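Please open the model in your viewer and keep the sequence panel beside it. The tour below goes from the charged side chains to the whole chain and then to its aromatic rings.

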Amino acid sequence: MKLKMAHNSLFAILLRSRWWVSFLIAAATALLARLLLPKDYQWLAVFSALPFIVIGAIAAWKQLQQPSPARVQETLQAMGAMPWAKFADTLEQAFRADGQEVTRLPGPKADFQLTRAGSLTLVSGRRWKAARTGVEPLRELQAAMAASGAASGLYVALGEPSDAAIAFARENGIQILRGNDLARLMRR
């Protein structure tokens, strides 16, 4: 069973925030506990702040691993200048470096099949240069997922997905890979 943190829980929000926010909350929690607790229990102030310190450390580690905004922009521009064949080769190498088993697929609905630990994911990336992604290419990917029995889908895009595309992707188990996440994958 895989445990998943609620998207809008306090700790999930703190993981997405800057690392220092968690440390600031930890300091405020410890100070407040120290001021409000009797002298015999003031040592508990440290333990009240401990979860926030751990979350702050995890957030700091994740943020250190992120490429700088300049590197992200540089990587995305380089990908936008590639022809499909070179982009597909680069994407395939990136997935392999990430530990995926990659199979190229014929046809317009999906481009790659990724396998890791028995889990099957279909990837669509032919329209990666589109400035705006609508629902139609995601519908095609979802149809290919249903036909192959894939558990999830991955749509690669440089441009912005529409609100309808984001909603469709969320409802159908499709992740839209773009921006920082795409640059980080391609930099491996």
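Start by selecting the charged side chains of this predicted model: the protein chain carries 23 positive and 13 negative ones, and the centres of the two sets lie 5 Å apart.

The C-alpha trace spans about 70 × 35 × 30 Å along its principal axes, and the radius of gyration is 21 Å, whereas a compact globule of 188 residues would have one near 16 Å. If you switch to a surface, the chain exposes about 11500 Å², of which carbon and sulfur atoms supply 60%, while buried residues make up 35% of the 188 residues.

Now turn to the aromatic rings, among which a search of the whole structure finds seven pairs. Select Phe 87 and Trp 128, whose ring centres lie 4.4 Å apart with their planes at 5 degrees, so the pair counts as stacked. Phe 87 belongs to helix α5 (residues 84-97) and Trp 128 to the loop between β3 and β4, so that this pair links parts of the chain 41 residues apart. Phe 87 is buried at 0% relative accessibility, and Trp 128 is buried as well, at 4%.

Then select Phe 95 and Phe 112, where the ring centres are 6.3 Å apart and the planes stand at 65 degrees, so the arrangement is edge-to-face. Because Phe 95 lies in helix α5 and Phe 112 in strand β2 (residues 112-116), the pair ties together parts 17 residues apart in sequence; both residues are buried.

Definitions and conventions:
Residues numbered from 1 in each chain as written. Predicted model: local features only at pLDDT ≥ 70, side-chain atom pairs only at ≥ 80, totals over all residues. Heavy atoms only, no water. Rg over C-alpha atoms; globule rule 2.2 N^0.38 Å. Buried < 20%, exposed > 50% of the residue type's maximum accessible area, 1.4 Å probe, protein only. Areas by Shrake-Rupley, 256 points an atom, 1.4 Å probe, with all protein chains shown as cover. Lys, Arg positive; Asp, Glu negative; His and termini not counted. Charge placed at Lys NZ, Arg CZ, Asp CG, Glu CD. Phe/Tyr/Trp six-rings, centres within 6.5 Å; stacked < 30°, edge-to-face > 60°. Helix = DSSP H or I, 4+ residues; strand = E, 2+ residues; numbered from the N terminus.
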